[in-house]
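Q: Can we go through this one together? I have a few things to ask about it.

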Amino acid sequence: MTVSVQMFTAASLKASLRLPVIAAPMFIVSGPELVIAQCKAGIVGSFPALNARPQSQLDEWLHQISEELTAHDRANPQSPAAPFAVNQIVHRSNDRLEKDLETCLRRGVRLMITSLGARADVYDACRAAGTLVLHDVISDRFAHKAIEKGAGGLIAVAAGAGGHAGRQSPFALLQEIRSWYAGPLALAGAIATGRAVLAAQVLGADFAYCGSMFIAAQEARASAAYKQGVVDATAEDVVYTRAITGVHGNYLRPSLVAAGLDPDQLEQQDPPSMDFASAATGAKAWKDIWGAGQGVGAVAAVEPVAAQVLRLSTEYAAARSALG
């Protein structure tokens with residue numbers, strides 16, 4: 001007998017959110033506590049599968065998240081939690097991908113985010129399980145490749161996004177993608193206010209993809225110094241370079257300096273491998289060299305996720321009202 005699998009759709013996702021926001025998965029920073037708080041606040045919470053170490057911990061995290069969100073829904077039927085997503089790095093360097101994917105699908109994860117490569121086998125496995133996959137891209141060319149290989153939707157990572165970011169303006173990137181693609185689309189790139197969330201929709205995105213602001217969440221696993229670094233920073237403190245991991249990304253200047261690096265001379269260095277550590281101090285990418293996007297200037301304090309999302313919602317409503 002053939003069992004029919006109900007596909008999780010972008011329409012289902014939209015209907016389950018109190019604000020059209022997907023919280024970006026952040027290496028080291030995103031853990032179960034952050035994801036649970038984000039989902040309870042009404043936005044998609046997410047984390048990279050690789051944050052769970054050892055691999056067996058991934059199953060434990062998924063169980064914890066599912067149990068706590070189910071309990072929340074029972075206690076708050078009028079405001080159920082939003083879905084959560086797991087990020088899979090499909091780059092050849094990830095030797096955990098097969099096990100991580102199997103764990104997530106066995107645990108019933110309905111939304112997956114894929115990064116650093118488009119993989120038809122991953123999309124096929126998720127589709128068979130009814131899981132929606134959003135793939136992040138930094139150009140229209142990569143967007144075409146992802147859709148051709150079977151991705152269920154796209155995340156346009158424009159200039160100013162934290163971590164491994166693109167260099168194209170969101171105006172240009174979304175215009176090019178929307179000229180041929182009508183499916184699910186999120187926009188990333190310096191989105192840290194409710195006005196920016198609405199602007200993403202006006203540009204043609206279905207969802208805003210917010211990351212850096214949540215580094216400063218109380219529930220985030222970032223160090224106290226990292227959180228304060230985000231609070232203290234402005235867009236001018238963000239350095240775009242490929243010298244840290246070999247893939248272009250945005251990092252906070254003070255953390256580069258603390259690692260013994262000259263932010264203004266980085267492009268003269270040979271791109272390192274994905275496990276970069278500063279020879280001068282032993283500083284590690286992401287842990288000591290802090291990823292962050294140009295939206296940091298909107299982050300004024302370390303506070304709970306609930307307060308951050310409430311502020312986004314208030315600003316979003318005010319912006320919509322102002323537009324009439």
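Q: Where does Ala49 lie?
A: This is a predicted model. In it, Ala49 is in the loop that runs between strand S2 (45-48) and helix H3 (56-75).

Q: Is Ala49 buried or exposed?
A: Buried, because its relative accessibility is 1% and the cut-off for buried is under 20%.

Q: What does Ala49 touch, leaving out residues up to four places away in sequence?
A: Leu58, Val86, Asn87, Gln88, Arg96 and Asp100.

Q: Which residues of the largest nonpolar core touch the most other members?
A: Phe84, Val86, Ile177 and Phe214, out of 77 residues in that core. There is also a second, separate core of 20 residues, with Leu134, Ile155, Ala165 and Tyr209 among them.

Q: Switching to charges. How many salt bridges are there?
A: The count comes to 11.

Q: Which residue does Arg107 form a salt bridge with?
A: Asp59, and the closest N and O atoms are 2.9 Å apart. The pair links distant parts of the chain: Asp59 belongs to helix H3, while Arg107 sits in the loop between helix H4 (97-106) and strand S4 (111-115), 48 residues apart.

Q: How accessible is Arg107?
A: Arg107 counts as partly exposed, at 34% relative accessibility.

Q: What about Glu102, which residue is its salt-bridge partner?
A: Arg106, with 3.1 Å between the closest N and O atoms. Both are in helix H4 and four residues apart, so about one helical turn separates Glu102 from Arg106. Glu102 is partly exposed, at 43% relative accessibility.

Q: Now Arg311. Which side chain does Arg311 meet in a salt bridge?
A: The side chain of Glu303, at 2.5 Å from N to O.

Q: Are Arg311 and Glu303 buried or partly exposed?
A: Arg311 is partly exposed, with a relative accessible area of 27%. Glu303 is buried, because its relative accessible area is 18% and buried means under 20%.

Q: Which residues do salt bridges with shared partners join into one network?
A: Asp59, Glu102, Arg106 and Arg107.

Definitions and conventions: Residues are numbered from 1 along each chain as its sequence is written. This is a predicted model: local features need pLDDT of at least 70, side-chain atom pairs count only at pLDDT 80 or more; totals for chains, interfaces and linings use all residues. Side-chain values use heavy atoms; hydrogens and water are left out. Helices (H or I, at least four residues) and strands (E, at least two) are DSSP runs, numbered from the N terminus. Buried means under 20% relative accessible area, exposed over 50%, partly exposed in between (1.4 Å probe, protein chains only). Contact means heavy atoms within 4.5 Å. A salt bridge is a side-chain nitrogen of Lys or Arg within 4 Å of a carboxyl oxygen of Asp or Glu. A nonpolar core is a set of buried Ala, Val, Leu, Ile, Met, Phe, Trp, Tyr and Cys residues joined through side-chain atoms within 4.5 Å.
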